[in-house]
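Trainee: I have a model open here and would like to go through it with you. Where do we start?

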Amino acid sequence: MSANLARLNATIVAHEQLETKFSTFKDQAERKFQFLYNENKLLKAENSHLKLQQKDVDERLRRIEAQLGIEYIEAGDDADIENDEGEQVDDGGQQSSANVKAEKDDQQRASDDALKSKIFRDLVGESFKILLGIQKLDAQHLPGYPMGIGEGTDNWPKDPATGKDLIRFDWRVGKHDDSINTAGLQRVVDRIRLVGPQMGDAAKGILSAILPGQIEKNVRTKYMRMAGEYRKADKKRKRVDEDDDLGDDVEIVDGGLDRAHMNSRVQSKLDARKRKRRSNECDGKWQDPKYDSAFILNAMSDDEDDPEQRPGEARTFLTMEPEWRSLELSALFTAIDEVKDPRPDQAKLAKLRRRADEQKTGPPPLARTLATRILSWMVKTDILEENMDWFDSGRVVHSGEAWGDEEPRELVKDRKGKGKA
């Protein structure tokens with residue numbers, strides 16, 4: 001290769017790198033501009049809101065002054081009022097205090113009436129629906145929180161019309177002030193203040209009558225009510241979905257679902273894998289009895305609510321592989337999943353599942369019985385070495401003779417149904 005050609009190639013590479021950097025900086029600048037633009041709109045709306053509030057307060061004060069017949073007296077700082085006998089009287093303190101109390105009472109009544117008005121209640125409900133991307137605010141339509149998916153990423157649920165991120169709440173937390181929920185609640189408040197004044201004079205007057213902090217309080221109360229309804233519906237689903245054969249593992253998993261409820265979701269996945277493993281199409285390697293221990297509910301990936309599911313669509317789950325899962329266990333399940341289900345009628349009944357890009361962090365599930373605990377061969381060596389306490393806390397047990405470990409006598413006894421950990 002000539003020196004000129006080499007220089008040309010280097011120039012082309014440098015140009016391509018420059019184009020990539022420029023594209024990156026352009027995207028960052030556009031996102032920053034959009035953020036600042038939205039912030040500016042919110043600040044303008046807030047400023048307009050404060051001006052309307054001030055105007056309303058001034059008008060109320062003038063009415064109160066007119067009713068009480070208050071007149072301002074031009075006097076020096078030390079001037080006092082004299083009674084008929086020439087004695088100086090200082091009655092300004094009591095009268096001023098009464099005026100202030102009356103004014104505050106009027107403002108509170110007006111604020112309470114505004115919060116109860118249909119216009120404001122509809123505005124709050126509409127803001128929740130639009131920002132959540134749903135048609136109804138009942139428990140059946142409330143979307144779960146997309147665990148393991150970062151807000152702002154491509155996989156985060158978006159408004160199909162605008163492409164902007166939708167808000168999501170972890171209803172199962174049950175706290176409006178939890179860090180995972182505060183940003184979404186603030187977006188609801190911001191929309192109310194931004195859109196309300198654009199709805200006409202009636203809505204504008206109602207918002208101006210609401211005292212500071214009351215919109216935020218009302219939105220939090222609305223959230224708590226919806227979260228309570230969601231948790232009630234969640235318990236009903238648990239009673240319907242729960243299988244009698246789930247065992248006695250009741251650990252609460254990340255996201256708020258108890259282990260029995262999570263297990264009920266993955267039961268069909270476990271059943272399908274057992275059928276496929278017995279199939280003649282399955283590689284004989286995976287039919288070795290030493291892999292029997294992998295076919296338990298606690299070894300299955302958790303199925304979270306799919307954040308991209310739209311109202312009216314068939315229910316789907318987001319499958320999240322645990323971070324602790326060993327390569328051997330992953331290879332086993334991957335090979336089994338590729339086998340055709342020998343019972344296609346059962347396969348059609350299975351819930352739709354979508355695999356998440358991220359892995360789920362956290363320890364293996366707790367298990368009261370040794371037979372349902374994760375064996376050490378299923379866990380990545382480096383993670384297990386950092387968490388040796390899992391052996392003592394009821395999460396992991398040594399693999400046994402088939403894997404080169406001495407199998408605990410209690411495990412053999414437990415598999416025969418005669419003992420528990």
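Trainee: Fine. What sort of model is it, and how many helices and strands are in the chain?

Mentor: It is a predicted model. The chain has 11 helices and 7 strands.

Trainee: What share of the residues in the chain is buried?

Mentor: Of the 421 residues, 37% are buried.

Trainee: And the contacts, how many join residues at least 24 apart?

Mentor: Taking contacts between residues at least 6 apart in sequence, 68% join residues at least 24 apart.

Trainee: On to the inside. How many residues has the largest nonpolar core?

Mentor: That core has 29 residues. Those with the most contacts inside it are A294, W324, L329, L332, F333, W377 and M378.

Trainee: Which elements give two or more residues to it?

Mentor: Helix 7 (259–278), helix 8, strand 6 (374–375), helix 10 (381–386) and strand 7 (396–397) do. Helix 8 gives the most, with 4 residues.

Trainee: What does A294 touch?

Mentor: Leaving out residues up to four places away in sequence, A294 touches A299, M300, L329, L332, F333, W377 and M378. There is also another core, apart from the largest one, with 28 residues, among them A114, F120, L185 and I206.

Trainee: Back to helix 8. Which of its residues are buried?

Mentor: L329, S330, L332, F333 and I336. They cover an arc of only 160 degrees around the axis, so they sit on the same side of helix 8.

Trainee: Different topic. At what angle do helix 3 and helix 5 pack?

Mentor: About 90 degrees, with their axes 9 Å apart. That angle makes helix 3 roughly perpendicular to helix 5.

Trainee: Which residues meet there?

Mentor: From helix 3 (residues 118–132), I119, F120 and L123 meet A202, A203, I206 and L207 of helix 5. By class, the contact has 7 nonpolar residues, no polar ones and no charged ones.

Trainee: Now T319. Is that residue buried or exposed?

Mentor: T319 is buried, at a relative accessible area of 6%. The residue lies in strand 4, residues 316–320.

Trainee: What is T319 in contact with?

Mentor: Setting aside neighbours within four places in sequence, T319 is in contact with K269, S301, D302, D303, R353, R354, R355 and A356.

Trainee: And S268, where is that one found?

Mentor: In helix 7. S268 counts as partly exposed, at 30% relative accessibility.

Trainee: Last one. Where does P364 lie?

Mentor: In the loop between strand 5 (352–355) and strand 6. P364 is buried, with a relative accessible area of 0%.

Trainee: How far is P364 from V396?

Mentor: Their C-alpha atoms are separated by 7.5 Å, and the two residues are 32 residues apart along the chain.

Terms used
Residues numbered from 1 in each chain as written. Predicted model: local features only at pLDDT ≥ 70, side-chain atom pairs only at ≥ 80, totals over all residues. Heavy atoms only, no water. Buried < 20%, exposed > 50% of the residue type's maximum accessible area, 1.4 Å probe, protein only. Contact = heavy atoms within 4.5 Å. Arc of directions from axis to C-beta. Core = buried A, V, L, I, M, F, W, Y, C linked by side-chain atoms within 4.5 Å. Axes fitted to C-alpha atoms, helices over the stretch in contact; angles between N-to-C directions. Parallel < 35°, antiparallel > 145°, perpendicular 65-115°, else oblique. Nonpolar A, V, L, I, M, F, W, Y, C, P; charged D, E, K, R; others polar.
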